[in-house]
Amino acid sequence: MLGEAVSRYDAPELIAVSCIADCPDTWFAEDVLKRGGRLEVVIPATAYWAGLPEWHHGAYDRPMSRAAEVHETGMTESTSEPHRAGGRRNPCRAR
C-alpha cells in the first residue's frame with residue numbers, strides 16, 4: 001500500500017522524512033527513493049543505530065547512504081524520549 005500511495009506523486013513532489021526505523025518507516029523511505037524522491041533522515045540519538053535490531057542494520061544503511069539531508073535531535077541515548085523528539089522533528093522549520 002505504501003508503494004501505491006507513493007506512485008501517485010511525481011518525483012519532485014516526493015519528500016520522505018523518516019527515522020528509518022525497522023519495517024514500515026524503511027519501506028516508505030525505500031519506496032520514495034525508488035520513485036526518485038528525496039529522503040530526509042531524522043536521527044533521534046547518536047546511539048540510535050546501535051539500538052536497532054541487528055538484522056535491520058543493512059536495511060537502515062542503504063537508504064541512509066542516499067539521504068539528501070540528515071537532521072539530529074542532539075540527544076545521545078536511544079530511549080523513548082529522543083524517539084518521540086525524532087518523530088516530532090520538522091526539518092522544514094530548520095531551514
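Colleague: Before we start, what do buried, exposed and partly exposed mean here?
Modeller: Buried means under 20% relative accessible area, exposed means over 50%, and partly exposed lies in between, with a 1.4 Å probe and protein chains only. This is a predicted model, in which local features need pLDDT of at least 70 and side-chain atom pairs count only at pLDDT 80 or more, while totals for chains, interfaces and linings use all residues. Residues are numbered from 1 along each chain as its sequence is written, and side-chain values use heavy atoms, with hydrogens and water left out.

Colleague: Where does Cys23 fall on that scale, then?
Modeller: Cys23 is partly exposed, at 29% relative accessibility, and it sits in the loop between S1 and H2.

Colleague: What about its phi?
Modeller: Phi of Cys23 is near 80°, a positive value in a residue other than glycine. Most residues other than glycine have a negative phi.

Colleague: And Ile20, buried or exposed?
Modeller: Ile20 is buried, with a relative accessible area of 0%. Ile20 also has a positive phi, about 55°, although it is not a glycine, and its place is the loop between strand S1 (15–18) and helix H2 (24–34).

Colleague: Switching topic, how many helices and strands are there?
Modeller: The chain has 5 helices and 3 strands, where helices (H or I, at least four residues) and strands (E, at least two) are DSSP runs numbered from the N terminus. From that end, the order is α-β-α-β-α-α-β-α.

Colleague: How much of the chain is buried?
Modeller: Of the 95 residues in the chain, 34% are buried.
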